[in-house]
Amino acid sequence: MRLDELLSELQTRLEAVLVTRDRVHGLLDAVVSLGSDLDLETVLHRIVETATTLVDASYGALGVIGAENTLVRFVPVGLTEEEIARIEHWPHGLGLLGLLIKEPRTLRLAHISQHSESYGFPPGHPPMGSFLGVPLRVRDEVFGNLYLTEKRGGGEFDDEDEAIVVALATAAGVAIENARLYEETRRRESWLEASSEVTTRLLSGAEPQEVLALMARRAREMAGADVVALLLPGEDVDTLRLVLEDGQDEKHYTTGEVVGSLAGRAFVNGEPLMVDSPAESDVLIAFAQSVPVGPVAAVPFGVPGAVRGVLSLGKRPGRIPYSHSELRTLHAFAGQAAVALELAETRKDAERLGLLEDRDRIAKDLHDVVIQRLFAVAMTLMSAVRLVEHPEASSRLQSAIDELDNTIRQIRSTIFALQTPREQGTPSLRAQIVDVVEAARGHLGFMPGLSMEGQLDNGVPAEVAEHLSAVLREALSNVVRHAKASRADVTARTHEGWLTLVVEDNGVGVPAEGRRSGLRNLEERADRLGGSFDVTSPESGGTRLQWRVPIG
């Protein structure tokens, strides 16, 4: 009997040794398996699966701790798709899970509900009894916690289970660190490649919108984001305009106002910001037309006090938040967006300066060369008039001299126009006059003559210019409706502080019964500006309208 007892005890111990051997082999295989993959998402899921297998747990999960000691990522194992769908929300890091976050040390319980810190389960969560929680450390940083529940067979987790999971957690920390280092290296390589591509586009003179779109796409790829939005300053103070949104599923351009959001705060402070679980105000309109977002980062480009815009990047809910290292890399990369805008503005300024220099050179050539030669020709002809005895020849010479004088005045007027810079997109007064005259051509059946003299573009206030355009439009309309003319001439000139507009035609003239009511508006405009208005019928016939107001 004694021999049977000894043999039975020996067999039991041998079985225990074999089980221990198998579990040690399983642990070694798990350590090797964890180190064989460098994708962080895959590594986290494999850690939970391995832990549940080693200790015969029905359920397992890994909770990633965020910046504010909350669970920002939850990786579950053992739940079916139907069970996951029934759970109202994942744990937020309260109760027993919150205790492990505040006090990161191994916790083993026979039943979860028996602990004083137990907070209960979210609605729809399956019931769980035995519990084993082990912190996951990456160097000196607590990355998260490994949670194991419901040991198969209805038993409790024992000391050996705890030892195995603690050993696995140590190896898991190394695997997580390797995966993070790999991702960091890959991100830096991607950053260098993206920086080189953007620099090439900038030096090749690409349009700013094209460069910014490229930067937004590469920033999304570098950060592993699901969507990125580019926001530039709006017309109102402290507002941002959504000009570009780039996502994995779609890409489109849109506009909208973003006020008081995370991106708005980053724009005002000039520093990158991130949140793990954004409130609605943090996202606002920026990603409204794209995917729902979880972790969000807002990265300004430009120096504090002179921020030119913001890159706002979002990940889907449940994904790992952005790290400080990622945020610094994105901030450095976003600085190239400021360079893109600065280069675009510098290029436009250089083009504008080149245009102004060309205009100034042409104006000087006209003044110093062309006008002087025409003036010399006119002086020669004037001296020749006295030598010509034939009346008709003398009259023709005088007409030629008058034409030269008119030509000189027109060239001087052109010189004034060339030397007058104007705001981009704002038509000059000369351009407005030409537009009105050309618009009347179709109604008249002929092109009116046009003469412009003096500093019409930079010597006439904007209010007076508006009145002049309205008066010219009304005067030509009267010629169309009433004059029955075959010729009309328009003259606009500035001289000694006065602006004068003259419209002449060879029509039927002013009616004997007096002025038409339509002309009273032109007179009122002149009186309002302190000027004068006259309509006369020359002896040669037709009508001569003169509208004259001060501008000095």
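K484 is exposed, with a relative accessible area of 76%; here exposed means over 50% relative accessible area, buried means under 20%, and partly exposed is in between (1.4 Å probe, protein chains only). K484 sits in the loop between α12 and β14, and its phi is positive, about 55°, although K484 is not a glycine.

Before going on, a word about the model. This is a predicted model, in which local features need pLDDT of at least 70 and side-chain atom pairs count only at pLDDT 80 or more, while totals for chains, interfaces and linings use all residues. Residues are numbered from 1 along each chain as its sequence is written, and side-chain values use heavy atoms, leaving out hydrogens and water.

**The whole protein**

The protein has 13 helices and 17 strands. These are DSSP runs numbered from the N terminus: helices are H or I with at least four residues, and strands are E with at least two. Of the 552 residues, 44% are buried. The accessible surface comes to about 29,500 Å², and carbon and sulfur atoms own 52% of that surface; such areas come from the Shrake-Rupley method with a 1.4 Å probe, and for residues only the protein chains shown count as cover.

**A sheet with helices across it**

Which order do the strands of the five-stranded open sheet follow? The order is β13-β14-β15-β17-β16, with mixed pairing. Two strands pair if DSSP finds at least two bridges between them. At the edges are β13 (449-453) and β16 (532-536), each pairing on one side only. From one strand to the next, the twist averages 10°.

β13 and β14 (residues 488-495) run parallel and are joined by five bridges. Along this pairing, L450 stands opposite V490 in β14.

Axes are lines fitted to C-alpha atoms, for helices over the stretch in contact (heavy atoms within 4.5 Å). The angles run from 0 to 180 degrees between N-to-C directions.

| Helix | Lies across | Angle |
|---|---|---|
| α11 (residues 429-444) | β13 and β14 | about 170° to β13 |
| α12 (residues 462-483) | β14, β15 (498-505) and β17 (543-550) | about 10° to β15 |

A470 is found in α12 and counts as buried at 18% relative accessibility. The C-alpha atoms of A470 and V436 are 9.2 Å apart, although 34 residues separate them along the chain.

R548 lies over the face of W498, at 4.2 Å from the ring centre. For a charge to sit over a ring, NZ of Lys or CZ of Arg must be within 6 Å of the ring centre and within 35 degrees of the ring normal.

**Strands β1 and β5**

Strand β1 (residues 57-65) is mostly covered, with eight of its nine residues buried. Seven bridges join β1 to β5 (residues 141-151), and the two strands run antiparallel. Here G60 stands opposite L148 in β5.

Leaving aside residues up to four places away in sequence, T149 touches several others, including A57, S58, Y59 and F157.

E150 is also in β5, but E150 counts as partly exposed at 27% relative accessibility. E150 has a phi near 60°, a positive value in a residue other than glycine.
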